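Subject: Structure for your review

Dear colleague,

Please find below the structure that I am handing over to you.

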Amino acid sequence: MAPKAGRLYAKAVFTGFKRGQRNQREHTALLKVDGSSSPKDAEWYIGKRCAYVYKAQKKTSVPNKAEKTAMRVIWGKVTRTHGNAGSVRAKFAKNLPPQAMGRRVRIMMYPSRI
């Protein structure tokens, strides 16, 4: 029996948007990566693809699949580190909705820079 496949992404939490004291910039999301506690740790994730996976109300068809699904994805990319606690900044194809704050985001292990 083959061993169970492991997870191919790092877990992160969408903590909010990039902001100043008074203005919030929704085009850049802040992600706190699990297991990353310093800017040096967070540097490894620069350039990696990230995905916010959520469940919608209506089911839509999926390419190359017979059944419809309610799962949707917003794709993005980690652009740079943020702060001294191992957080990163990411830009998504469409801005993340405010309901996503505090929710899980997947940071994929590709593209590789090794």
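R19 is a residue of strand β1, which covers residues 9–19. Please keep in mind throughout that the model is predicted. With a relative accessibility of 57%, R19 counts as exposed, because the cut-off for that class is over 50%. The side chain of R19 reaches the backbone oxygen of Q21 at 3.5 Å. If neighbours within four places in sequence are set aside, R19 is in contact with Q24 and R25. A further distance concerns A29, which is ten residues from R19 along the chain: the C-alpha atoms of R19 and A29 are separated by 9.5 Å.

I turn next to the salt bridges. How many does a search of the whole structure find? The search finds one. In this salt bridge the side chains of R104 and D34 meet, at 3.3 Å from N to O. R104 belongs to strand β6 (residues 104–108), whereas D34 is in the loop between β2 (24–33) and α1 (39–43), so the pair ties together parts that are 70 residues apart in sequence. R104 is partly exposed, at a relative accessible area of 39%, and D34 is partly exposed, with a relative accessible area of 39%.

The aromatic residues come next. Three aromatic pairs are found when the whole structure is searched. One of them is formed by F14 and F17: the ring centres are 5.2 Å apart and the planes stand at 75°, so this pair is edge-to-face. An angle over 60 degrees is what places a pair in that class. F14 is buried, with a relative accessible area of 0%, and F17 is buried too, at 4%.

Another aromatic pair consists of Y52 and Y54, and this one is stacked, with 5.4 Å from centre to centre and 15° between the planes. Are these two residues buried or exposed? Y52 counts as buried, at 4% relative accessibility, while Y54 is partly exposed, with a relative accessible area of 25%.

Finally, there are charged groups placed over aromatic rings. The charged end of R7 sits over the ring of Y9, at 5.8 Å from the ring centre. Likewise, the charged end of K48 sits over the ring of W44, and here the distance to the ring centre is 4.3 Å.

Yours sincerely,
A colleague

Definitions and conventions:
Residues are numbered from 1 along each chain as its sequence is written. This is a predicted model: local features need pLDDT of at least 70, side-chain atom pairs count only at pLDDT 80 or more; totals for chains, interfaces and linings use all residues. Side-chain values use heavy atoms; hydrogens and water are left out. Rings of Phe, Tyr and Trp (its six-membered ring) pair if their centres lie within 6.5 Å; planes under 30 degrees apart count as stacked, over 60 as edge-to-face and the rest as tilted. Buried means under 20% relative accessible area, exposed over 50%, partly exposed in between (1.4 Å probe, protein chains only). A charge sits over a ring if NZ of Lys or CZ of Arg is within 6 Å of the ring centre and within 35 degrees of the ring normal. Helices (H or I, at least four residues) and strands (E, at least two) are DSSP runs, numbered from the N terminus. Contact means heavy atoms within 4.5 Å. A polar contact is a pair of N or O atoms within 3.5 Å; within protein, one must be able to donate a hydrogen and the other to accept it, and residues adjacent in sequence count only if both atoms are side-chain atoms. A salt bridge is a side-chain nitrogen of Lys or Arg within 4 Å of a carboxyl oxygen of Asp or Glu.
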